[in-house]
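Here are my notes on the model you asked me to look over.

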Amino acid sequence: MAAEHGSERFGAPVTVALTGASGAQYGLRLIEALVAAEREVWVMISKAAHLVIATETDSDLPARPERLAEALTERTGAAPGQIRCFGREDWMAPVASGSGASSAMVICPCSTGTLSAVACGASNNLIERAADVALKERRQLILVPRETPLSAIHLEHMLNLTRLGAVVMPAAPGFYHRPASAEDLVDFIVARILNQLGIAHRLMPRWGE
């Protein structure tokens, strides 16, 4: 934590993308947890996700990347520079190229439209391109869809992505820990994501602890 810039000051960066599925709370809570774990967080929020966030939460986050980074920094208590935000067509962002800095990526929540685009390699915006880079560079990619019921199209895309090395983790919280609030259900999923990333946390005990 003594170095001066970017990921040198924090743990390896994790890219978090929020898209237009219901479940904005999962993505926002994941950002908070990554900040608490002293990881650098690279954030992308789609236009549809901004609408979902305004609908499902009390937050109305700004769209401009600079202002969004400021708002998320204030919301999470992040250190200066710990959160970086990128716009929809910021093709100079490190996540846009395999020669950029390596980063695990989580799309949370992941809309079925984004799921389809990633499975087909569409790369029509920075979120889709970053996921494409993660796949081609064999980096960790976790997708958290929240949709029901699932059509054959959705299931086929999930199967294809799993075969390509991605982890598909539907936002389906468990109840064996006897959740007392909606926040407990959100933390269940976020804890599972952190487990996949190999990041220590105290959101909930692991099975058997």
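1. UniProt lists residues 14-197 as "domain: Flavoprotein", and the entry is unreviewed. Keep in mind that what we have here is a predicted model. In that model the span is 45% helix and 16% strand, and its end C-alpha atoms lie 9 Å apart.

2. Cysteine 108 and proline 109 are joined by a cis peptide bond, with omega about -5°, and proline 109 sits within strand 4 itself. A cis bond also runs from threonine 148 to proline 149, where omega is near -5°. That proline 149 is in the loop between strand 5 and helix 7 (152-163). I'd have both on screen while you read on.

3. How many disulfides does the structure hold? The count is 0. For cysteine 85, the closest cysteine sulfur is in cysteine 108, and at 16 Å that is too far for a bond. Cysteine 110 also has cysteine 108 as the closest cysteine sulfur, 9.2 Å away, and again that is too far for a bond. Cysteine 85 counts as buried because its relative accessibility is 10%, and cysteine 110 is buried too, with a relative accessible area of 1%.

4. Glutamate 38 is not a glycine, yet it has a positive phi of about 60°. Arginine 138 is in the loop between helix 6 and strand 5; with a relative accessible area of 70%, arginine 138 is exposed.

5. On to the aromatics, where the count comes to 2 pairs. Tryptophan 42 and phenylalanine 86 have ring centres 6.3 Å apart and planes at 85°, so this pair is edge-to-face. Tryptophan 42 is in strand 2 while phenylalanine 86 is in the loop between strand 3 and strand 4, so the pair ties together parts that are 44 residues apart in sequence. Both tryptophan 42 and phenylalanine 86 are buried.

6. Tyrosine 176 and phenylalanine 188 form an aromatic pair as well, edge-to-face, with 5.7 Å from centre to centre and 75° between the planes. Tyrosine 176 belongs to the loop between strand 6 and helix 8 (182-197), and phenylalanine 188 to helix 8, 12 residues apart. Buried or exposed: which is phenylalanine 188? Phenylalanine 188 is buried, since its relative accessible area is 4%.

7. Last, a glycine. Glycine 87 is in the loop between strand 3 (83-85) and strand 4 (104-110). Setting aside residues up to four places away in sequence, glycine 87 touches Pro65 and Leu126. Its relative accessibility of 21% puts glycine 87 in the partly exposed class; the cut-off for buried is under 20%. For a sense of scale, glycine 87 and glycine 198 are 111 residues apart in sequence and 28 Å apart in space, C-alpha to C-alpha.

Methods:
Residues numbered from 1 in each chain as written. Predicted model: local features only at pLDDT ≥ 70, side-chain atom pairs only at ≥ 80, totals over all residues. Heavy atoms only, no water. Helix = DSSP H or I, 4+ residues; strand = E, 2+ residues; numbered from the N terminus. Buried < 20%, exposed > 50% of the residue type's maximum accessible area, 1.4 Å probe, protein only. Contact = heavy atoms within 4.5 Å. Disulfide = S-S within 2.5 Å. UniProt positions renumbered as here; feature names shortened; annotations may be inferred. Phe/Tyr/Trp six-rings, centres within 6.5 Å; stacked < 30°, edge-to-face > 60°.
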